[in-house]
Amino acid sequence: MALVEIRDVRKSFGANEVLKGVSLDINEGEIVTIIGRSGSGKSTLLRCINALEQVDGGEIRVEGKAVRTDMQDLRQLRQRVGIVFQAFNLFPHLTVEKNITLAPVLTGKSNKQEARQLAIDVLERVGLAEKIDAYPEQLSGGQQQRVAIARCLAMAPHLMLFDEVTSALDPELVGEVLKVMEDMARQGMTMVLVTHEMGFARDVASKIVFMHEGRVWEQGTPSELFANPQTPELKSFISSIK
Amino acid sequence: MRIFTTSDLFSLFAALQWTIVLVTLAIALGAPLALALALMRISKIAPLRWIAAAYLQLVQGIPLLGLLMFFYFGVPVFLGIQVPAIVAVGIAFAAYSSAFLGEIWRGGIQAVKQAQWEAASSLGITRWQQFRYVIAPQALRIALPATIGFLVQLIKGTSLASVVGFVELARAGQLASAATFQPLLVYSVVAAIYFAMCFPLTIWSRSLEARLNGAR
Amino acid sequence: MNLNFQQLWRYQDQFIEGVILTVTLTGIAAVAGTLIGLSGAILGRSGPQPVRWFIRSYIEIIRNTPALIQIFLIFFVLPTFGLKLPPFEAASVALSIYFGAYAIEIIRSGLDTIPRSQIEAGASLGLSRWEVFRHIVLAPALRNIYPSFTSQFVLLLLGTSIASQISAEELFHTGSFVESRTYRSFEVYAVVCAIYFALTMAFKGAFAVIGRLAFRWPVRR
């Protein structure tokens with residue numbers, strides 16, 4: 001059984017159908033990178049997996065349980081599926097420590113005494129332990145995004161979603177975030193990424209999914225897809241990003 | 001005791017012209033002072049900034065009612081002279097408007113980007129010309145919604161002139177209410193007249209504000 | 001043209017009581033008005049259509065008519081419905097209703113300033129709607145409304161002076177009373193204005209200190 005099973009998922013915003021029947025399996029330990037032009041439905045698919053968007057048709061199952069938007073299920077789902085956003089979305093009024101420990105303490109994953117140690121542990125994994133008492137606005141974009149990743153890690157998720165996490169960063173700050181993600185991949189975290197970083201996709205991903213017009217157009221290993229694209233759409237996409 | 005008739009309604013509308021006179025007076029006297037205060041607040045000369053700041057703090061820290069009483073009852077007694085009601089009330093309202101408008105306009109002027117001053121000064125024109133032709137038009141656009149918002153506050157504020165016996169709309173309402181013993185009817189009519197004046201201004205101010213935010 | 005503040009000393013106790021009543025009246029209206037503001041902001045957002053329409057009308061009517069007329073309506077009109085309130089109570093009710101209309105708008109705009117992405121980030125961490133509001137939305141929203149809320153509070157403090165027009169006992173009423181006894185109009189109103197000014201400055205100072213202590217996190221400018 002795959003960790004995430006996506007079956008014929010449909011999603012519309014008003015008259016605009018963004019997902020037109022998407023099916024996809026994500027297995028434990030896989031690094032799945034979703035690529036495609038903007039508007040192809042990549043981010044929407046990602047947001048459907050942890051129910052930030054509600055699907056209109058089809059089904060998503062995470063660890064065998066259907067993703068639904070009613071309350072109790074949602075809380076459990078989101079403790080298992082973390083997401084990192086393009087715009088970091090750190091909480092400006094909380095220190096780095098509190099940003100990280102807020103959810104674990106509130107959801108009962110950690111108590112107040114252990115919380116600081118938890119924050120230190122996850123911050124060490126992203127190389128920012130010395131920033132534990134800083135406020136988000138005192139950090140660079142790259143540092144903020146690494147804290148956002150640490151915040152996610154603190155929930156000990158089984159799956160992490162990355163929604164164009166380097167797109168809002170200055171070019172010189174992209175590397176530090178990608179390095180953290182590479183480390184996580186090496187440690188066996190299951191990850192689904194939407195990204196424009198093709199180098200990262202090629203080197204780290206175990207599976208590439210090319211989305212086009214709301215559908216999974218092609219999928220395969222990086223070497224298969226990049227060396228030998230089967231469809232003209234993927235060919236033109238690859239040539240456009242080179 | 002008698003009933004509220006069209007002639008009462010007529011007297012309310014007659015008093016309305018005094019409300020309008022008060023508003024006009026407050027703006028005519030207050031606006032130049034407000035402009036001076038706004039410019040003093042952004043002046044390079046520190047004592048000017050302090051004086052303006054102190055004046056604004058002082059007037060905005062006193063109830064309008066207090067200003068009215070002070071200028072209407074207090075000052076004439078102190079000076080030992082007779083002052084026509086309209087003069088005393090006019091001074092009080094001018095002081096009131098100048099403080100609020102001065103603060104609003106200072107905000108407008110400071111909201112114009114510093115680069116605009118620099119660009120203007122690079123044209124080799126005087127500082128006043130920089131203000132008059134480059135900064136002021138932009139500041140006015142920014143400050144207009146709040147200025148109209150203050151106009152609403154001022155119209156409502158003129159009701160307090162009734163307290164010193166000035167027969168404007170609110171005072172006319174009191175008189176009609178006392179004569180007819182129909183406070184609900186009379187004050188509702190009075191409130192409706194104020195509403196009819198203020199609400200369109202509020203809507204206008206809001207739409208200007210929305211347009212301004214949209215343009216940014 | 002001679003100044004004589006001496007006579008006013010005799011009325012020191014009355015002035016002190018006036019100050020206490022003014023602050024009390026302000027406090028009552030601020031607390032009740034804020035409660036109106038909170039419920040109004042929430043209902044105005046998620047309540048049924050007629051309720052939203054009612055709240056909208058309430059805000060517009062209060063904000064576009066003079067508080068003096070509102071206070072007259074409450075004081076002179078309620079007795080015709082058999083509800084006779086003493087002046088101070090009537091003034092408290094009228095000023096609460098008055099402040100509530102402004103509080104709704106301020107609180108609503110404060111909630112609107114919190115980006116959806118913040119709420120989403122909270123939700124994605126498994127927090128409930130209440131937890132998101134309590135831990136993520138509330139503090140930044142309070143910070144955003146703090147300047148307009150506190151300046152509205154000062155306007156309320158000054159506005160309570162109109163309660164004197166229905167003979168509610170507060171500072172301004174004290175002033176009128178002392179004036180009628182001493183005929184020292186200039187000195188009395190100078191002192192009354194000075195006390196209001198001192199109160200305003202004291203509250204502004206306190207708000208500045210509280211704001212600095214409560215909102216320490218840095219923000220982007």
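Helices here are DSSP runs of H or I at least four residues long, strands are runs of E at least two long, and both are numbered from the N terminus. With that in hand, start on chain B: its elements run α-α-α-α-α-α-α-α from the N terminus on.

Before clicking further, note that this is a predicted model, in which local features need pLDDT of at least 70 and side-chain atom pairs count only at pLDDT 80 or more, while totals for chains, interfaces and linings use all residues. Residues are numbered from 1 along each chain as its sequence is written, with chains lettered from A and ligands numbered from 1 in the order in which they are written.

**Stop 1: chain B**

Select chain B on its own. You'll find eight helices and zero strands. Its C-alpha atoms fill a box of roughly 75 × 50 × 25 Å along the principal axes. Now for contacts, which are pairs of residues whose C-beta atoms, placed from the backbone, lie within 7 Å. Of those in chain B with a separation of 6 or more, 76% are between residues 24 or more positions apart.

**Stop 2: where B meets C**

Bring chain C back. Two pairs of chains touch, and the B and C pair has the most contacts. Here 32 residues of chain B are in contact with 29 residues of chain C. On the chain B side, pick out α3 (64–79), α6 (127–157), α7 (169–180) and α8 (183–215), each of which supplies at least two of the touching residues. That side splits into 24 nonpolar residues, seven polar and one charged; nonpolar covers Ala, Val, Leu, Ile, Met, Phe, Trp, Tyr, Cys and Pro, charged covers Asp, Glu, Lys and Arg, and the others, Gly among them, are polar.

Stay on chain C and colour by pLDDT, the predictor's confidence in each residue from 0 to 100. The chain C mean is 91, with 99% of its residues at 70 or more. Within chain C, helix α1 (residues 6–9) has the lowest confidence, a mean of 78, and helix α3 (residues 49–63) has the highest, at 95. For the complex, the predictor gives an ipTM of 0.90 and a pTM of 0.87.

**Stop 3: over to chain A**

Show chains A and B together: no contact joins them, and their closest C-alpha atoms lie 21 Å apart. Chain A has nine helices and ten strands. Its radius of gyration is 18 Å, close to the 18 Å that the globule rule gives for 242 residues, so chain A is as compact as a globular protein of that length. (The radius is taken over C-alpha atoms, and the rule is 2.2 Å times the number of residues to the power 0.38.) Buried residues come to 46% of the 242 in chain A.

**Stop 4: two sheets in chain A**

Strands count as paired if DSSP finds at least two bridges between them. Look for the open four-strand sheet of chain A, antiparallel, in the order β2-β1-β4-β5. β2 (16–26) and β5 (65–66) are at the edges with a single partner strand each, so one side of each has no neighbour in the sheet. Zoom in on β1 (residues 4–13), joined to β2(A) by eight bridges; A:Arg10 stands opposite A:Lys20 there.

Next, find the open six-strand sheet of chain A, ordered β6-β7-β8-β3-β9-β10 with mixed pairing. Its edge strands are β6 (81–84) and β10 (215–220), each pairing on one side only. β9 (residues 207–212) and β10(A) pair antiparallel over five bridges, with A:Met211 opposite A:Val216.

**Stop 5: helix α3 of chain A**

Select residues 96–106 of chain A. Which residues of this helix are buried? They are A:Val96, A:Asn99, A:Ile100, A:Thr101, A:Leu102, A:Ala103 and A:Pro104. The buried residues of α3(A) pack against α4 (112–125) and α5 (141–153) of chain A, together with α7 (129–159) of chain C.

Just after α3(A), A:Gly108 takes a positive phi of about 80°. Finish at A:Asn111, in the loop between α3 and α4 of chain A. A:Asn111 is exposed, with 11 other C-beta atoms within 10 Å. Draw a C-alpha to C-alpha distance from A:Asn111 to A:Thr101: the two are ten residues apart in sequence and 9.2 Å apart in space.

Conventions
Buried ≥ 20, exposed ≤ 12 C-beta atoms within 10 Å, placed from the backbone.
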